[in-house]
Amino acid sequence: MRYSAWRVFREGLRGQSGWAPVWRDPEPKKEYDIVIIGGGGHGLSTAFYLAKEHGLTNVAVLEKGYLGGGNVGRNTTIVRANYFLPGNSEFYSHSLKLWEGLEADLNYNVMHSQRGIINLFHSDGQRDAAARRGNAMINQGDDAILLDREGVRQYLPFLDFENIRFPVYGGLFHKRGGTARHDAVAWGYARGADQRGVDLIQQCEVTGIDIENGKVTGVQTTRGPIRAKKVGIVVAGRSSQVAAMAGMRLPIESHVLQAFVTEGLKPCLDHVVTFGMGHFYISQSDKGGLVFGGDIDFYPSYAQRGNLYTAEHVVEAAMTLMPMIGNAKMLRSWGGIMDMSPDGSPIIDKTHIDGLYLDCGWCYGGFKAVPASGFAFAHLIAQDRPHDTAKRFRLDRFRTGTGLMDEEGTGSQHNLH
Ligand SMILES: Cc1cc2nc3c(=O)[nH]c(=O)nc-3n(C[C@H](O)[C@H](O)[C@H](O)COP(=O)(O)OP(=O)(O)OC[C@H]3O[C@@H](n4cnc5c(N)ncnc54)[C@H](O)[C@@H]3O)c2cc1C
């Protein structure tokens, strides 16, 4: 079924009776060419691009819960291409270009809104770093404007510009950055993959990975064994656990990241804004809620809920930056499990086991990467060689120490990235 304005009009006239389910609910087959473990954003986009770009459709996505129940449906929806380091820069630039054509590509409204992102800075040193990053973005072909304090005031008059500890000096404005509706991205990719023949199998947890003579032969699941020539692991916060099924120990720590939403307010915040002196970022959803987040919880955990001390820390940063937020009532908060890599950059690579591939290490920034990650991972699985945009995302950089991409300059401590 194609979606169009005409279709919406027609269904309005006939009591919405003609809509079909968005994807099938197939029984797992005994064997596939390719099994993707994990029905999050990255797993679904991988399946979509395997079918669309490489004509590979004998593919199953195995999801232990429901599609979109993981981080892809739990994030704060920020989409941007403002990375600094070679490797990350071209990858996220490619991702943003895919975002810009995504709704047409999927025939699905993912509510991609390029409302602009303003990264605030609060000292001369931070201004220099922002200028340097902006130049790198422009060199990459993306957009960046360095705003002074008055430039920021024009867009965000409600900030506490004269804050005694953290006065606002200016901001780096990335106009093509913005947000997208997170779960619609999962649904759009799921629908696109399903339409091309991929089997999306929910309530199917992978419990083991079968390996014979150094080659993957399939997986064990809660719905029985499934044979496969190739298997991709794309399970975000569960990466270490699933890789351990193949005897691998990954350089990944899992930490909780929380998100918070206020009651619906009239439009008051047109951009995505990030605070430079603490980890705090905020935007306003189309329903009116202020959506915001901050630091990860500082110890490893697999709980999909956060702790109060982090909530307090985030709200303190919010009050420091924009005191008006104190008038809003917080409605809800939730957590997701981040796959933190030591240098803050991802891994898209083959493993030492023939036919077993790995896509993980997205930290708290993998939503914006969903299109390019799926694109590159599908390329790797289909052609057994990395896509140009992802060739630096190698697993062995953590063993050799060569090619690390420490975007934030915080060293190898997982919970600082
Ligand atoms: C609060 C919060 C805010 C965030 N904000 C942003 C943001 O603003 N911008 C941004 O770019 N990124 C953001 N992120 C990060 C982003 O959401 C993640 O990096 C990204 O979604 C991870 O990839 P995914 O979508 O594939 O993960 P997931 O959706 O978690 O997918 C992994 C899937 O694997 C499944 N799985 C696990 N184990 C198994 C198994 N054994 N068998 C079968 N299935 C299994 C899980 O059930 C899950 O559905 C945020 C994350 C959180 C939690």
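Q: In what order do the strands of the open sheet of eight strands stand, and what kind of pairing does the sheet have?
A: In this predicted model, reading across the open sheet of eight strands gives the order S5-S6-S4-S13-S14-S15-S12-S16, and the pairing is mixed. Neighbouring strands of this sheet are turned by 25° against each other on average, with direction ignored.

Q: Which strands stand at the edges of this sheet, and why is one side of each left without a neighbour?
A: The edges are held by strand S5 (145–148) and strand S16 (330–340), and because each has a single partner strand, one side of each is left without a neighbour in the sheet.

Q: In what sense do S5 and S6 pair, and over how many bridges?
A: Strand S5 and strand S6 (residues 170–174) pair in the antiparallel sense, over four bridges, and you can find one such place by looking at Ile 145, whose bridge partner in S6 is Phe 173. Helix H5 (residues 124–139) lies across S5, S6 and strand S4 (117–121), and it runs at about 15° to S6.

Q: How should I read the two faces of a strand, and which residues of S2 lie on each side?
A: In a regular strand, side chains alternate between the two faces of the sheet. In strand S2 (residues 59–62), Val 59 and Val 61 lie on one side and Ala 60 and Leu 62 on the other, and all of these are buried, with both faces covered.

Q: Which strand does S2 run parallel to with four bridges, and through which helix does the chain cross from S1 to S2?
A: Strand S1 (residues 31–37) runs parallel to S2 and is joined to S2 by four bridges, with Ile 36 standing opposite Val 61 in S2. The chain passes from S1 through helix H2 (residues 41–54) to S2, a β-α-β crossover that is right-handed. S2 also pairs in the parallel sense with strand S8 (residues 199–201), over three bridges, and here Leu 62 stands opposite Ile 201.

Q: Which residues touch the most other members of the largest nonpolar core, and which helix gives the largest share?
A: Among the 51 residues of the largest nonpolar core, Phe 91, Trp 99, Tyr 189 and Ile 348 touch the most other members. The largest share, eight residues, comes from helix H10, while S1, H2 and S2 are among the other elements that each supply at least two residues.

Q: What does Ile 348 touch, leaving aside residues up to four places away in sequence?
A: The contacts of Ile 348 include Phe 91, Trp 362, Phe 377 and Phe 393. A second, separate core of 28 residues includes Ile 37, Ile 209, Val 231 and Leu 395.

Key: Residues numbered from 1 in each chain as written. Predicted model: local features only at pLDDT ≥ 70, side-chain atom pairs only at ≥ 80, totals over all residues. Heavy atoms only, no water. Buried < 20%, exposed > 50% of the residue type's maximum accessible area, 1.4 Å probe, protein only. Pairing = 2+ DSSP bridges. Right-handed = clockwise from strand over helix to strand, strands pointing away. Core = buried A, V, L, I, M, F, W, Y, C linked by side-chain atoms within 4.5 Å. Contact = heavy atoms within 4.5 Å. Axes fitted to C-alpha atoms, helices over the stretch in contact; angles between N-to-C directions.
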